[in-house]
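This report describes the fold, the core and selected contacts of one protein. Please keep the sequence and the model in view while reading.

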Amino acid sequence: MKMSAQLSASATAARAHQEMFAYWASLRRGANLPARADLHPSGIKRLLPTVSLIDVVREPRDYRLRLAGTGLYGVYGREITGKALSEVYNTAAGDYWRKELDKVVDERRPGVGVHSLAWRGAPHVSILWLRLPLATNGKDVDMILGYDAIVGAQAEGGFSGIRAA
């Protein structure tokens with residue numbers, strides 16, 4: 001991929017992150033965090049393919065993917081909806097996500113970063129991720145809204161391995 005194409009993909013990803021963050025911020029009620037019930041897919045229709053909803057499991061704390069957009073199937077090579085972190089990631093990647101999601105829950109603030117898919121044998125592909133806290137009561141984070149922008153050599157055409165209809 002040419003440098004200009006990479007920069008263009010990164011700029012597109014940054015704009016999508018801004019769009020998702022603005023949508024989430026528009027749902028806040030003063031100092032209170034938005035709740036899952038506040039989300040309306042029509043407000044983020046263009047972003048839905050790589051949106052996820054992650055349940056926060058309390059004792060012991062863990063995370064389960066309640067919903068994973070259809071665009072994430074190609075990233076993970078399989079359906080990940082309903083799976084716990086340990087069922088999706090190897091130990092190192094699972095530890096990375098647990099640490100990042102713990103920060104979102106504990107700080108009640110959005111998290112953002114870049115994660116390489118080298119753990120999945122695709123070191124040339126990364127996800128630029130955004131994780132946004134949701135709280136039914138406005139305070140205690142019980143779900144996380146995720147958005148992933150895929151950047152890398154295969155980002156435009158997706159991964160090989162076509163999902164059967």
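The sections below proceed from the overall architecture to individual residues.

## Basis of the model

The model is predicted, so local features are reported only at pLDDT of at least 70 and side-chain atom pairs only at pLDDT 80 or more, while totals for chains, interfaces and linings use all residues. Residues are numbered from 1 along each chain as its sequence is written, and side-chain values use heavy atoms, with hydrogens and water left out.

## Overall architecture

The protein contains 4 helices and 5 strands, taken as DSSP runs numbered from the N terminus (helices: H or I, at least four residues; strands: E, at least two). Along the sequence, these elements follow the pattern α-β-β-α-α-α-β-β-β.

Of the 165 residues, 41% are buried; buried means under 20% relative accessible area, exposed over 50%, and partly exposed in between (1.4 Å probe, protein chains only). The protein exposes about 8700 Å², of which carbon and sulfur atoms supply 55%; the areas come from the Shrake-Rupley method with a 1.4 Å probe, and for residues only the protein chains shown count as cover. Among contacts (heavy atoms within 4.5 Å) between residues at least 6 apart in sequence, 51% join residues at least 24 apart.

## The nonpolar core

A nonpolar core is a set of buried Ala, Val, Leu, Ile, Met, Phe, Trp, Tyr and Cys residues joined through side-chain atoms within 4.5 Å. The largest one has 46 residues, and M20, Y63, Y76, I144, L145 and Y147 touch the most other members. Two or more residues each come from α1 (3-26), β1 (51-57), β2 (62-68), α2 (71-76), α3 (85-88), α4, β4 and β5 (143-152). Strand β4 gives the largest share, 8 residues.

Apart from neighbours within four places in sequence, M20 is in contact with I44, L47, V51, L130, L132, L145 and Y147.

## Helix α4

Within α4, the buried residues are A93, G94, W97, E100, L101, V104 and V105. They cover an arc of only 140° around the axis and therefore lie on the same side of α4, the arc being that of the directions from the helix axis to the C-beta atoms. The buried residues of α4 pack against β1, β2, α3, β3 (111-117), β4 and β5. On the face turned away from this buried side are the exposed residues T91, A92 and D106.

## Aromatic pairs

The structure holds 6 aromatic pairs. Rings of Phe, Tyr and Trp (its six-membered ring) pair if their centres lie within 6.5 Å; planes under 30 degrees apart count as stacked, over 60 as edge-to-face and the rest as tilted. Y96 and W129 form an edge-to-face pair, with 6.4 Å centre to centre and 85° between the planes. Because Y96 lies in α4 (residues 91-107) and W129 in β4 (residues 122-134), this pair ties together parts that are 33 residues apart in sequence.

Y96 is partly exposed, at 22% relative accessible area, whereas W129 is buried, at 1%. Ring pairs link Y76, Y89, Y96, W97 and W129 into a cluster.

## Surroundings of L72

L72 lies in helix α2 and is buried, with 2% relative accessibility. Not counting residues up to four places away in sequence, L72 touches P49, T50, V51, S52 and D148. The C-alpha atoms of L72 and V51 are separated by 8.1 Å, although the two residues are 21 apart along the chain.
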